[in-house]
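The sequence and the coordinates are shown first, and the notes follow by topic.

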Amino acid sequence: MDPQLTSLVVSTSETARIEETLDHLIAETGANYSMLLDKSGQVIAWSGDTDRQDITSLGALLAGTFASSREVARLLKEKEFKVLFQQGIRENIFTELIAEQWMLVVMFDKRTHIGLVKVLSKRATDDLTGILDRVKSESRAKDQIISTSFRTSVEDTIDLLFKD
Amino acid sequence: MAIINVAQREIRCKIVYYGPGLCGKTTNLKYIHKMVPETAKNKMISIDTETERTLFFDFLPLDLGTVHGFQTRFHLYTVPGQVLYERTRVAVLTGVDGVVFVADSQPNKMRDNIESLRELAQNIKNEGKKFKDFPLVLQYNKRDMPNAVPLEQMNYYLNSQLNARSFEAVASRGVGVFDTLKFISKLVISKL
């Protein structure tokens with residue numbers, strides 16, 4: 001991906017395809033929750049338990065954990081660690097890197113086996129790679145959203161909110 | 001890199017507070033968290049050591065509300081300033097849209113400031129970005145210290161090549177905190 005790119009537009013149809021892939025993954029694995037993160041920790045899409053709280057914080061922490069493990073990999077002269085597995089008493093988290101830019105996160109409990117999550121996540125990441133390639137190549141509709149009047153309105157809001 | 005999610009009508013940007021150990025990065029975030037309206041703030045997360053030094057990062061999501069139909073959010077992070085956490089700082093910088101470099105105005109901290117700024121420049125370059133064009137603002141903190149280095153010297157040592165916008169601050173009392181935040185937020189939006 002072009003490192004000079006300052007923003008990425010994910011269209012409605014692409015989000016729908018990503019959500020469909022996540023829905024499918026949850027249905028097949030019996031997992032509780034799944035989400036797609038970008039490497040900076042932003043949540044692109046999610047599926048599963050609707051009452052899950054603090055998705056934003058989860059995204060930031062999981063992406064931080066993954067970025068930290070990438071630095072560990074570099075110290076070990078590995079290019080990267082493709083997957084991370086965090087095991088809890090009630091719930092486990094499986095995270096897989098997609099195209100060095102995104103992360104697929106699957107949360108599941110003892111009703112689901114890690115092997116199944118691993119195999120089906122691999123299939124989902126293949127599907128997501130195709131969708132995300134399209135997001136990158138088609139990220140063009142920005143000017144319709146980030147107009148001059150949008151920037152002015154954001155600046156006004158910043159002045160209004162960010163004060164003592 | 002900012003994410004514009006059309007389906008969820010959301011725009012999210014990442015701003016990182018960078019600088020040497022004990023320069024006041026976390027103090028900036030704590031003050032912002034204390035002062036922004038309830039509607040704009042979310043829970044602040046700090047991953048720190050037993051002595052309350054930042055171990056991984058602080059994280060504060062700020063919600064601007066809906067602008068032109070898009071919910072606009074800034075995610076503020078700090079890095080751990082201590083020298084040994086260099087690789088952790090690289091991890092926190094991943095996907096960053098803008099940086100506030102917090103410098104400590106005390107004379108005995110000038111070398112730490114210079115080294116930290118140099119490291120930041122290298123880390124941004126390693127992300128494939130041009131440091132000169134990257135959204136950056138300098139904050140000269142602890143201006144209330146009786147031995148604070150004069151402003152011209154701070155600029156000479158830290159900003160003579162960058163020519164970035166700089167703000168004087170006393171973050172513990174909130175002085176300059178919002179001026180810095182406003183400037184970097186607008187700069188990031190202008191570069192989207």
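What percentage of the 164 residues in chain A do buried residues make up? In this predicted model, the buried share of chain A is 37%. In chain B, buried residues make up 51% of the 192 residues. The model as a whole scores ipTM 0.86 and pTM 0.92.

**Chain A: overall build**

- Chain A contains 5 helices and 6 strands, and along the sequence they follow the pattern β-α-β-β-α-β-β-β-α-α-α.
- Taken along the principal axes, a box of roughly 50 × 40 × 40 Å holds the C-alpha atoms of chain A.
- Of the contacts in chain A with a separation of 6 or more, 53% are accounted for by residues 24 or more positions apart.

**Helix α3 of chain A**

- Helix α3 of chain A covers residues 114-137, which is 24 residues.
- At 1.5 Å a residue, this helix should span 34 Å, and its end C-alpha atoms are 33 Å apart, so the two values agree.
- The buried residues of α3(A) are A:Val117, A:Ser121, A:Ala124, A:Thr125, A:Leu128, A:Ile131, A:Leu132 and A:Val135.
- In an α-helix there are 3.6 residues a turn, so residues three or four places apart point the same way.
- The cover over the buried residues of α3(A) includes the strands β1 (7-10), β2 (33-38), β5 (92-98) and β6 (102-108) of chain A, together with the helix α1 (12-29) of chain A.

**Chain B: overall build**

- Chain B contains 5 helices and 8 strands, arranged along the sequence as β-β-α-β-β-β-α-β-α-β-α-β-α.
- A compact globule of 192 residues would have a radius of gyration near 16 Å; the value for chain B is 16 Å, which agrees.
- The C-alpha atoms of chain B fill a box of roughly 50 × 35 × 30 Å along the principal axes.
- Among contacts in chain B between residues at least 6 apart in sequence, 70% join residues at least 24 apart.
- The average pLDDT of chain B is 95, and 100% of the residues score at least 70.

**A buried glycine in chain B**

- B:Gly81 lies in the loop between β5 (70-78) and α2 (86-93) of chain B.
- B:Gly81 counts as buried because 23 other C-beta atoms lie within 10 Å, where the cut-off is 20 or more.
- Leaving aside its neighbours within four places in sequence, B:Gly81 is in contact with B:Gly19, B:Pro20, B:Gly21, B:Leu22, B:Cys23, B:Lys25 and B:Thr54.
- One of these residues, B:Leu22, is 59 residues from B:Gly81 along the chain, while their C-alpha atoms are separated by 6.9 Å.

**Where the two chains meet**

- In chain A, 41 residues are in contact with 49 residues of chain B.
- The elements of chain A that give two or more residues to this side are β1, α1, α2 (55-75), α4 (142-145) and α5 (148-161).
- The most is given by α5(A), with 9 residues.
- By class, the side of chain A that touches chain B has 16 nonpolar, 15 polar and 10 charged residues.
- Strand β1(A) pairs with strand β1 (residues 2-5) of chain B in the parallel sense, over 4 bridges.
- Within this pairing, A:Val9 has B:Ile4 of β1(B) as its bridge partner.

Conventions:
Residues numbered from 1 in each chain as written. Chains lettered and ligands numbered in written order. Predicted model: local features only at pLDDT ≥ 70, side-chain atom pairs only at ≥ 80, totals over all residues. Expected span 1.5 Å × (residues − 1). Buried ≥ 20, exposed ≤ 12 C-beta atoms within 10 Å, placed from the backbone. Contact = placed C-beta atoms within 7 Å. Nonpolar A, V, L, I, M, F, W, Y, C, P; charged D, E, K, R; others polar. Pairing = 2+ DSSP bridges. pLDDT = per-residue confidence, 0-100. Rg over C-alpha atoms; globule rule 2.2 N^0.38 Å.
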